[in-house]
Amino acid sequence: MKTTKSNVFKIVLLSFAFSLVSSLSAAKLIIPVSGSVDDATPVAVLPFEYVGTSSAPYDFSEVIEADLQSSGEFDPMSRADMVVKPNDGAIFNYGDWRLLGADVVITGKYFETSSGQYNLVMDVFDTVRTKKIITYSLPVNSQNLRASAHHLSDVIYEKLTGIKGIFSTRVVYINVVGGFNNKTYELIVSDVDGENQAVVARSRAPLMSPAWSPDGRQLAYVSFESDNSEIFVQDLSTGSRRSVSNKDGVNSSPAFSPDGKSLAVTLSRGTGNLDVYVMDLASGRVKRITDSRAIDTEANWSEDGQSIFFTSDRAGQPQIYKVSKNGGTAKRVSFVGKYNARPRVSVDGKNLAVVHVDEGAYQIAMVNYKNGQILSLTDGSLDEAPSVSPNGRIVIYATTRDGKGVLATVAADGRSKPTYLPAVGDVREPAWSPFR
Amino acid sequence: MNQSTIKKFLSNLTLITAVLALSACQSTVVEETVEVETEVETEVETIAVVDVPVLDEFGNVTGWMRDGTFIRNPDYVEPVVQTAPDLLSQTILYFDFDQSGIKDQYRDVLAAHAAYLASNPGLSLRLEGHADERGSREYNIGLGERRAQAVKRALLLNGVSTANLKTISFGEEKPRVQGTSESSWAENRRVELVYR
């Protein structure tokens with residue numbers, strides 16, 4: 001761009017800018033799953049061997065290596081350092097790899113069974129305990145090479161940590177393109193590694209608050225395109241969507257119940273008083289769950305689907321409360337600090353990721369709703385919109401750098417510093433998908 | 001239909017007929033006249049003269065021009081708001097951080113808008129509530145709505161009909177100015193009065 005001399009060329013570029021952004025081919029949002037952790041396990045991912053006459057159709061080990069590296073829990077060896085070769089199915093020499101400093105060695109082999117169809121076998125060796133810990137075979141086709149590599153990363157990660165991997169999950173977020181007075185809002189779904197980005201909705205009026213259905217097939221979100229807030233539910237495979245709430249006043253903050261049958265929403269119903277309601281998605285009927293003169297909003301369901309956490313300023317400042325899905329008396333669960341808002345439930349069964357104000361700075365923290373303790377995770381001043389990975393390990397959130405929204409990740413247990421993702425526009429409101 | 005309505009209806013009919021007769025040579029006059037319901041005495045029926053209404057800035061008929069002479073509308077009352085155009089031009093109310101209380105400085109502004117709505121019952125006003133960028137977006141939707149409702153209540157107390165008022169909250173989604181300083185935040189914590 002710096003070498004561009006012709007204004008005409010600039011204008012042409014500008015006019016194509018919109019379509020470039022919609023394909024998002026240029027700007028990649030690569031999501032490191034967390035910052036590095038000190039005691040990362042050294043691991044060697046050998047290039048997978050392709051048994052065939054043509055050249056290897058895909059570099060599985062490169063993807064697996066990047067996945068494991070991004071977790072912060074593994075430290076992959078560079079290929080140049082892998083002096084013990086080849087990987088030809090001979091007896092595995094634990095001692096050599098131990099000397100090279102790899103605690104875990106991953107090998108793989110695949111061959112074509114018919115056009116575009118492959119059989120793949122992966123072996124994982126533990127050089128500390130000198131035993132093979134995984135033999136995993138997987139049919140693969142030319143349409144799912146990358147997804148298969150992520151799946152293998154999940155298998156490795158779960159075996160080595162005891163925790164489900166999130167390398168096959170996705171993230172939805174909102175990106176704003178255009179000038180200050182000429183904005184376009186895009187709802188974007190991306191694989192967690194930044195591949196396969198797709199704009200699933202686009203609007204000149206604000207889009208807000210994307211939320212996943214528990215099966216990962218649908219998104220609920222808020223749009224102002226009809227000149228009032230309105231909640232849509234959109235099917236990701238077909239792209240079709242329906243309006244589920246367009247009542248007088250505020251229609252906002254959707255959250256699917258764990259069984260996918262209900263949607264918690266925030267409505268004002270023309271009164272100006274925001275309360276949390278639960279909508280039966282089949283009938284569209286709503287039931288009021290909270291009833292206070294305060295702002296009650298930002299519902300998020302407990303893991304068992306029996307309770308709803310929400311933000312309320314009924315005590316004067318926003319704090320987190322818990323109420324039965326059928327309504328009734330709400331119980332306050334956050335007590336540290338003057339501002340705790342937007343709870344997002346973690347699978348650990350005791351923590352909520354929240355926006356927490358510490359000395360005037362808006363940061364992300366974990367609130368333990370069993371004992372009220374709080375754990376600060378971030379150090380920004382305008383951090384917001386936390387979302388916990390489905391395995392409970394990572395929190396993704398939005399923050400601001402140089403006046404633009406960017407995403408960042410941090411370990412949910414506070415063991416890593418935030419990692420800022422490359423800026424791709426003006427990005428906000430990430431929501432991590434459930435497991436596939 | 002009472003007697004005077006019938007009279008008016010008849011006089012309008014006559015006017016239209018007269019205009020149609022004239023339209024062969026003076027087609028430009030037609031558009032200006034037929035749409036207007038004029039208060040014309042019955043004797044006008046016999047006079048083939050076209051009155052051109054003179055409107056004030058709010059669309060009220062102040063009188064008519066007939067043959068270059070201004071005839072005053074005896075029913076015309078100058079709107080109250082004309083005495084305070086500077087107040088009416090204020091269409092943004094600002095708020096303190098995390099607050100929805102209306103500052104004293106806006107009391108006269110809201111009274112002027114209430115009077116304007118009272119004298120223009122056909123207008124409706126949308127109160128658009130906003131918050132600054134700090135904190136969570138959905139809670140800020142709540143703050144914007146609360147601010148818009150506070151302005152709505154003040155206007156209702158000033159005699160505005162609820163039918164003429166609508167509220168919407170954009171939270172922090174539509175900032176007025178860009179920036180992360182206290183001065184830009186202060187400009188973004190607001191309710192905008194938008195006539196529609």
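Two residues are in contact if their C-beta atoms, placed from the backbone, lie within 7 Å. The exercises below concern a predicted model.

**Exercise 1.** Determine whether the end-to-end distance of helix α4 (residues 145-161) of chain A agrees with its number of residues.

*Solution.* Step 1: helix α4 of chain A has 17 residues, and at 1.5 Å a residue it should span 24 Å. Step 2: the end C-alpha atoms of α4(A) are 24 Å apart, which agrees with that expectation. Step 3: after the helix comes A:Gly162, with a positive phi near 80 degrees.

**Exercise 2.** Identify buried residues of α4(A) and the elements against which they pack.

*Solution.* Step 1: the buried residues include A:Ala149, A:Leu152, A:Ser153, A:Ile156 and A:Leu160. Step 2: an α-helix has 3.6 residues a turn, so residues three or four places apart point the same way. Step 3: the buried residues of α4(A) pack against α2 (60-70), β4 (104-114), β5 (117-126) and β6 (131-141) of chain A.

**Exercise 3.** Classify A:Asn182 as buried or exposed.

*Solution.* Step 1: A:Asn182 lies in the loop that joins β7 (170-177) to β8 (184-191) of chain A. Step 2: A:Asn182 has 8 C-beta neighbours inside 10 Å and therefore counts as exposed. Step 3: from A:Asn182 to A:Ala205 the C-alpha distance is 9.9 Å, with 23 residues of separation in sequence.

**Exercise 4.** Describe the contact between chains A and B.

*Solution.* Step 1: chain A contributes 28 residues and chain B contributes 20 residues. Step 2: strands of chain A that each supply at least two residues include β10 (207-212), β14 (251-256) and β18 (296-301). Step 3: the side of chain A that touches chain B comprises 13 nonpolar, 11 polar and 4 charged residues.

Definitions and conventions: Residues are numbered from 1 along each chain as its sequence is written. Chains are lettered from A and ligands numbered from 1 in the order in which they are written. This is a predicted model: local features need pLDDT of at least 70, side-chain atom pairs count only at pLDDT 80 or more; totals for chains, interfaces and linings use all residues. Helices (H or I, at least four residues) and strands (E, at least two) are DSSP runs, numbered from the N terminus. Ala, Val, Leu, Ile, Met, Phe, Trp, Tyr, Cys and Pro count as nonpolar, Asp, Glu, Lys and Arg as charged, and the others, Gly among them, as polar. A residue is buried if 20 or more other C-beta atoms lie within 10 Å of its own, exposed if 12 or fewer, and partly exposed in between; C-beta atoms are placed from the backbone. The expected span of a helix is 1.5 Å times one less than its number of residues.
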